[in-house]
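Morning, everyone. I'll take a pocket, a sheet and some salt bridges. Here is the model.

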Amino acid sequence: MNVSKKNSMTNETDTPYNHEFLGSEQNVYSFSTTDKIRYNVKFVPSTYVFDAYPELDIEVFEMIISVAANPTGGRIPSDSRVGPTIALIFNAFIQHEKQAIIFVCDSSDGRQKARSRKFTTWFQNRQTGTDMGEIDRLIIDGDRFIYLSLIPYRKHPQFKTVVDVFINLGEEDK
Amino acid sequence: METPTKPLRGMEIVRKLLEVKEQAQRDFEESLRTDPEVQAVYERLEKKLDDKRD
């Protein structure tokens, strides 16, 4: 995997943390940081996203990164090893071109834009070429700002339709 | 006979994605508090990190 190649060329600050795959139908991965921040990364099957388009042959998963146990309290300290770890988990999970990932950042704590930017950076640093595309959307639902990213394989046979459907998501209601 | 479920559309999908995400965070916090297997996984990962630093 290219991430390992990158690690051999850089210092330990970029080295991914060890992670464990816990399995279950939600495809759970766990890792912890040197600051004892515990992360849980899930890929939850989300077929409902494209249910209205049965002609689309696609397996969508919502990638959810949950964080807990911050012993220092307050904001989670910045850690340059978290991004490469999430990239490694992402690469371990994604196996074939009919899979696609949806990532959601909401405005519950006002940091949705920063979080969305961070995810984009992690995704771009996956270093596996341009095999997957990222399509970003900002959806406003009342006073809520929701950043959505869809990451499908560019080689998906219905790539253009998948992108079109995603771009119009939420617009039908307007 | 069961009525087929109507596919979600538009904002219903977006709200469902948010709901699933929020539930996942709650489930994770709960599992850390109550599931010894999950606690053991993190303790093992943290021990490995501590051992590397020694």
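Start with what a pocket is: on a 1 Å grid over the protein atoms alone, a pocket is an open set of points with protein on both sides within 12 Å along at least five of seven lines, and lining residues have an atom within 4 Å of a point. This is a predicted model, where local features need pLDDT of at least 70, side-chain atom pairs count only at pLDDT 80 or more, and totals for chains, interfaces and linings use all residues. Residues are numbered from 1 along each chain as written, chains are lettered from A in written order, and side-chain values use heavy atoms, without hydrogens or water.

Confidence next. The predictor gives the complex an ipTM of 0.87 and a pTM of 0.86.

Now the second largest pocket. Its volume, the space filled by probe spheres set on the grid points, is about 190 Å³. Thirteen residues line the pocket; nearest its centre lie A:Leu22, A:Val28, A:Asn40, B:Ser31 and B:Val38. At least two lining residues come from each of β3 (38–45) of chain A, and α1 (10–34) and α2 (36–53) of chain B. Those elements are DSSP runs: helices are H or I with at least four residues, strands are E with at least two.

Stay with β3(A). It runs antiparallel to β4(A), joined by eight bridges; strands pair if DSSP finds at least two. A:Arg38 has A:Ala68 as its bridge partner in β4(A). On β5 (residues 99–105) of chain A, β4(A) pairs in the parallel sense over five bridges. There, A:Phe61 partners A:Ile101. Of the 10 residues in β4(A), eight are buried, meaning under 20% relative accessible area; exposed is over 50%, partly exposed in between (1.4 Å probe, protein chains only).

Last, salt bridges: a side-chain nitrogen of Lys or Arg within 4 Å of a carboxyl oxygen of Asp or Glu. The whole structure has nine. Which residue does A:Lys36 pair with? B:Asp50, with the closest N and O atoms 3.1 Å apart. That pair crosses between chains, from the loop between β2 (28–32) and β3 of chain A to helix α2 of chain B. B:Glu22 and A:Arg144 form another, at 2.7 Å. B:Glu22 sits in α1 of chain B and A:Arg144 in β7 (residues 144–152) of chain A, so this pair also joins two chains.

How values were computed:
On a 1 Å grid over the protein atoms alone, a cavity is a set of points where a 1.4 Å probe fits but cannot get out, and a pocket is an open set with protein on both sides within 12 Å along at least five of seven lines; lining residues have an atom within 4 Å of a point.
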